[in-house]
Amino acid sequence: MIGAGIVGASCAHALALAGLSVRVVDAGLPAATSAGMGHLVSLDGSAAELALCSDSLARWRALAPSLPASGAYHRCGTLWLAENEDDLATADDKRAALAMAGIGSELITPTRLAALEPLLRPGLSGALRVESDAILYAPRVADWLLECVGITLERAQVTALEDQQVRLADGRRLGARVIVLAAGLQAGALLEGLPIEAKKGHLLVTDRYPGRVSHQLVELGYGASAHAGQGTSVAFNLQARPTGQLLIGSTRQFDTLDPRVEPALLARMLERARGYLPALGAINAIRAWTGFRAATPDGLPIIGRHPEREGLWLALGHEGLGVTTAPSTAALIRAGVLGEHPPLDPSPYRFERFRASAPADGQR
Amino acid sequence: MIRLTLDGEALVLPEGTSVAAALAASGDDHARSDLAGRPRAPFCGMGICQECRVCIDGRRRLACQTLIREGMEVERTR
Amino acid sequence: MNERLPRECELLIVGAGPAGMAAACAAADHGMSVVVIDDNPAPGGQIWRAGPRVDLPLRAQALRERFERLPGLRLCSATRVIDAPAPGRLLVEREHDAGVIDYHRLLLCTGARERLLPFPGWTLPGVTGAGGLQALIKGGLTVRGERIAIAGSGPLLLACAATVRAQRGRLVALAEQSPWQALAGFTIGLWRWPAKLAQAIALANPRYRAASRLIEALGERRLEAVVIESLGERREIACDRLACGFGLVANTELAQLLGCALDERGILVDQHQATSVAGVYAAGECTGPGGSELALVEGRIAGLAAADQYPLAAALSRRRARWQAFAAQLEQHFALDSSRLPPRRATTLVCRCEEVTLGELEAHSDWRRAKLASRCGMGACQGRVCAAATAQLFGWAPPPPRPPLSPARIDSLLLAGMEEVQE
């Protein structure tokens, strides 16, 4: 297993439980798991995305009672906020789509919304409430998954991917019947032709303000409109950590690998957040930071066997949904590796989809 | 002398007194509580450790770097 | 105090301690427009902090009077730097407002903070830093008749003891970790700095115990006693307050955010007190702890250099060298000996904000992994206290700072987005 982020850890955990002996190699480089929000959220950008979220959220719920307290799993639910009638129509479509996938949700009136989250600005048109969504602290959960019997963790950098073996920075080679590449953006340095791209994001966390916000709050435009297109964008997303700290997002940028916080863009993100929660203005922020999502052209992760490389499996390109969809990613990898019946249709996530759409390009 | 309130109780102290010293003058110098509810009080005294953050007139501020003012309302952080 | 924040200046000085005040005087004397921002309510820094219970040394009073009357100076007290949103610009916050200040040259006089090492009971109310207790007393805290213990390392312990004595507190312990030989060597070495020798004699205290080790603070919801080990014997001493400190750590966060190079003592500077970033200077204890005399001369040099008065600045280099030698003596004789630091107990909190214990950290190999696994350093102080502690305990490199440099209102951070500031 190359990568000990939430996806690599989940895959390692699933394979170890299936009886395989798993060695996880991780370079300890900055990664999406440590930078991200840790939200478990049902997104419906496509049927395949929703199917993966739905299956995965059920797996998280099953795992929740075993998670350590420091994993901070909390089923806070999501409120998708509607600013106008159009948003409400979007909310209703989303409700119907979630229902098809077996996820319950309900439309909330403005009065009820104000009662649920009194700090939201007046005048919102309502919200879609998804009670099954949750949050967790992903770095700790990833470490916990790796504590499973059958897993050994190696802090080392893989410098080359060879046939059924990897080369480490210190020159050693490790061989394995199955190699799973779950190194997010770093995978691009090990395997040519991966259609993944970095999308920079900013986050900010506040001091403790317990009891101010209870749900995860997301604007309905998140993903669909605010983060559509190719330009730099901001969208409102907020979650309350168990200590009362508020975690505020989000931004999305292309074509940069500069990890520095960009104060002007951070300000835009906060302006948007304050538009929904005016009380945020007087609240103390304690830290802002950035991270990079590994995104594919169609927004779906790449999960499954590499079409040409013997014994190589891919579990990467989860963009902002790695934490949400890690358990199902692991279930698909496990089913593939062991030749079991997959828990959901694996075809939308296969690497081959990019080959089929652009055969002439060959390598990108 | 300056009059202020701390968690609603009136205090009268000399001008130039820091809010941190005002906490101590109240007889209970704690400024905030930890996650288990145990008291924490001003510690570094120089604006670094953040232990003395209290709510002053609606804003979360450091007691050690704020001087008392007439009519100031100070609340401990819970 | 409710005057509007200035928008721009030729020289922006961060910190109004001895270095910042001396620099402001030197630069303003040569016609520069100077803005000084300082996070304390009044100028003076930690050492010359003013307050209702303070008699400042004459030298401090004189400098402060001159400083406050400088033509072309704007002093913004109770003002914090929270970010450097663009080249030549700082974002600052006050209690009721915030703003950006543009500068041609920047001088960092951000001082040093106490190194505060964890020990069992250090989160109890009644336990403070040594400088912290001094600051509290200067801010109006009454310690008359209180039983006060002081422990740790460095000359600040003696200064704290003198403050306590002047306020009629009862000093019940004064425990220094350095051995007698080192302290004696330090004192003998002071003949080269007669003023310091006189000061050392004035501060001498019959309760002073060398080679002593702070073991723990005891109490339920407040400090009740301290345990100190001296000459192989552990004693429990009832007390109302414990002031502790283990030397000083340079405040380098703003410099790091600006990209200035550091050395092992603090911000790296050249003979003109210039940092590695063009137009940015640093002076005083943020370049390495060394006392107020060194800070004053470094501040003057930096102020002169920022005003392009290089010959005048160069004329001060011998005096600076003299006080640098004094700083080296301090560092050498008060070096921390790990065998006399508080015992490492797995249950002791290291990160006071996120409540992370020593035991939770020991398993990790570096700050980043420890932080991610335990949330150490992710609380309100952003590792200012615990990262200095883990540097001492485990040798971990402290993390680079991230904005905001200290907790700041979201409203204030919104100002970083301003392209051009409206009048």
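What follows covers one interface, some salt bridges and the cysteines.

A quick word on reading the names: residues are numbered from 1 along each chain as its sequence is written, and chains are lettered from A and ligands numbered from 1 in the order in which they are written. This is a predicted model, where local features need pLDDT of at least 70, side-chain atom pairs count only at pLDDT 80 or more, and totals for chains, interfaces and linings use all residues, while side-chain values use heavy atoms, with hydrogens and water left out.

Start where chain C meets chain B. Here 43 residues of chain C are in contact (heavy atoms within 4.5 Å) with 37 residues of chain B. Buried area is the accessible area (1.4 Å probe) that two parts lose on being put together, summed over both. For this pair of chains that comes to about 3100 Å², with carbon and sulfur atoms giving 52%. On the chain C side, C:Glu95, C:Arg352 and C:Glu355 lose the most area to chain B, together 19% of what that side buries.

Five salt bridges cross this interface, a salt bridge being a side-chain nitrogen of Lys or Arg within 4 Å of a carboxyl oxygen of Asp or Glu. C:Glu95 is buried, with a relative accessible area of 8%, and B:Arg69 is partly exposed at 25%. (Buried means under 20% relative accessible area, exposed over 50%, partly exposed in between, with a 1.4 Å probe and protein chains only.)

Over all chains, the structure holds 58 salt bridges.

| Pair | N to O distance |
|---|---|
| B:Arg53 and A:Asp207 | 2.6 Å |
| A:Glu340 and A:Arg334 | 3.1 Å |

Both B:Arg53 and A:Asp207 are buried. In the other chain A pair, A:Glu340 is partly exposed at 34%, and so is A:Arg334 at 27%.

A:Cys76 is buried at 11%, and C:Cys9 is buried at 5%.
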